[in-house]
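Dear colleague,

Please find the structure below for your records. My notes on what was found in it follow directly after.

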Amino acid sequence: MQNAGLAALGLNWRYLAFEVEPADLRAALEGAKAMGFVGLNLTVPHKLAALEMMDVLDESARAWGAVNTVRLEGREAQGAWRPLGECGERPREVRAQGFNTDAEAMARAVREDLGLALAGASILLLGAGGAGRTAALKLASEKAAELFLVNRTRGKAEAVAGEIQERYPEVKVGIGYPPGPVDLVLNATSLGMQAGEPSPLDEQQFSLGRAAAVYDLVYRPAETELLRSARAAGCRAANGLGMLLYQGVKALELWTGREAPVAVMRQALERNVSGG
Ligand code: NAP
């Protein structure tokens, strides 16, 4: 997706994947700075740890408490910081700014792929890991009316509920399955990626017939058991490809300062992830 976007923008840059052990994250970030990287993305398990390794945090990273996009910036002679990708000569001073593009991407994908307005919505959220927590806070900030949080480890859902009550007291938040219908079920657990895994939703406790729409953050396989059941129950349904696309689109725009070629990136993503 990113390499297709870079090619379409005519940039002689490359997007590469590196596996980094948690203990090596700081050294890897310093290395990226030293080598003149323009930016990078971070994924599990680095998004939280990176918060305190940034030189400066954008409001998005502060609000959602996680960094998935880093932009390296150079100091110009006049003292202003500019994205390294826009600096002509190699600046002497380089800093790392941390952003979060996941939360906005989730909201955009849910709105666009499911045609759902988040304000006023009643939502069942499955999962309270990194993605589940960010999704819950973002949904609350978008003025969802009511959130029902379900997670295997109940204490984590309770912690997220507490955070929402503190930051968004106008949002009703509860632990456990909803007693009535909801506008959206959102799966933010990792269940569904492997064949034969149990569904993240306990249909004894909540029937999909009571949900208008289902969004699954999982995008591989393209159709999880949850999405199959959702469609069979007549729900609007979408997988997490849109979220993956939009977090990448925003990241590319942060690094390049240019509008990202969304259609080209979507096509590359579909080809590579879903074989479409
Ligand atoms: P994480 O922090 O490791 O959290 C995993 C979540 O799944 C936790 O809620 C965990 O429950 C739950 N879980 C794992 N195994 C389970 C099981 N056997 N039974 C019940 N619950 C189980 O991971 P994450 O970063 O939040 O990611 C979660 C999912 O979202 C992954 O599939 C990831 O690929 C996807 N994701 C997609 C996008 C996108 O762009 N579409 C972006 C971010 C993440 P416990 O708390 O009880 O362990």
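Helix α6 (residues 130–141) and α7 (154–167) pack with their axes 10 Å apart and at an angle of about 25 degrees. Axes here are lines fitted to C-alpha atoms, for helices over the stretch in contact, and angles run from 0 to 180 degrees between N-to-C directions. The two helices α6 and α7 are therefore roughly parallel to each other; angles under 35 degrees count as roughly parallel, over 145 as roughly antiparallel, 65 to 115 as roughly perpendicular and the rest as oblique. Helices (H or I, at least four residues) and strands (E, at least two) are DSSP runs, numbered from the N terminus.

The crossing of α6 past α7 is right-handed. A crossing is called left-handed if the near helix is turned anticlockwise from the far one by less than a right angle, and right-handed if clockwise. On the α6 side the contact (heavy atoms within 4.5 Å) is made by Arg133, Ala136, Leu137 and Ala140, and on the α7 side by Val160, Glu163, Ile164 and Arg167.

This is a predicted model, in which local features need pLDDT of at least 70 and side-chain atom pairs count only at pLDDT 80 or more, while totals for chains, interfaces and linings use all residues. Residues are numbered from 1 along each chain as its sequence is written, and side-chain values use heavy atoms, with hydrogens and water left out.

Ala140 of α6 also has a counterpart in the loop between α7 and β8 (172–175), where Pro169 is found. The C-alpha atoms of Pro169 and Ala140 are 9.2 Å apart, although the two residues are 29 apart in sequence. Pro169 is exposed, with a relative accessible area of 61%; buried means under 20% relative accessible area, exposed over 50%, and partly exposed in between (1.4 Å probe, protein chains only). Lys143, in the loop between α6 and β7 (146–150), is exposed as well, at 58% relative accessibility. Its phi is near 70 degrees, a positive value in a residue other than glycine.

Helix α6 also packs with helix α5 (residues 102–114), at an angle of about 65 degrees and with the axes 9 Å apart. This crossing is right-handed. Ala103, Glu104, Met106 and Ala107 of α5 meet Thr134, Ala135, Lys138 and Leu139 of α6.

A further helix pair is formed by α9 (residues 241–256) and α10 (residues 262–274), which pack at an angle of about 135 degrees with axes 10 Å apart. That angle makes α9 oblique to α10. Their crossing is right-handed. Among the contact residues are Leu244, Tyr246, Gly248 and Leu252 of α9, and Met265, Leu269 and Val273 of α10.

The structure holds two aromatic pairs. Rings of Phe, Tyr and Trp (its six-membered ring) pair if their centres lie within 6.5 Å; planes under 30 degrees apart count as stacked, over 60 as edge-to-face and the rest as tilted. The rings of Tyr15 and Trp255 have centres 6.1 Å apart and planes at 40 degrees, so this pair is tilted. Tyr15 lies in the loop between α1 (2–8) and α2 (25–34) and Trp255 in α9, so that the pair links distant parts of the chain, 240 residues apart. Trp255 is buried at 5% relative accessibility, whereas Tyr15 is partly exposed at 33%.

Phe18 and Phe37 form a tilted pair, 6.2 Å centre to centre with 40 degrees between the planes. Phe18 is exposed at 54% relative accessibility, and Phe37 is partly exposed at 26%.

Gln2, in helix α1, is buried, with a relative accessible area of 3%. Leaving aside neighbours within four places in sequence, Gln2 is in contact with residues including Tyr15, Trp255, Gly248, Leu252 and Met265.

Finally, there are cis peptide bonds to report. One runs from Val44 to Pro45, with omega near 5 degrees, and Pro45 lies in the loop between β1 (39–41) and α3 (46–49). Another joins Arg220 and Pro221, with omega about 5 degrees; Pro221 is found in the loop between β10 (211–216) and α8 (225–232).

With kind regards
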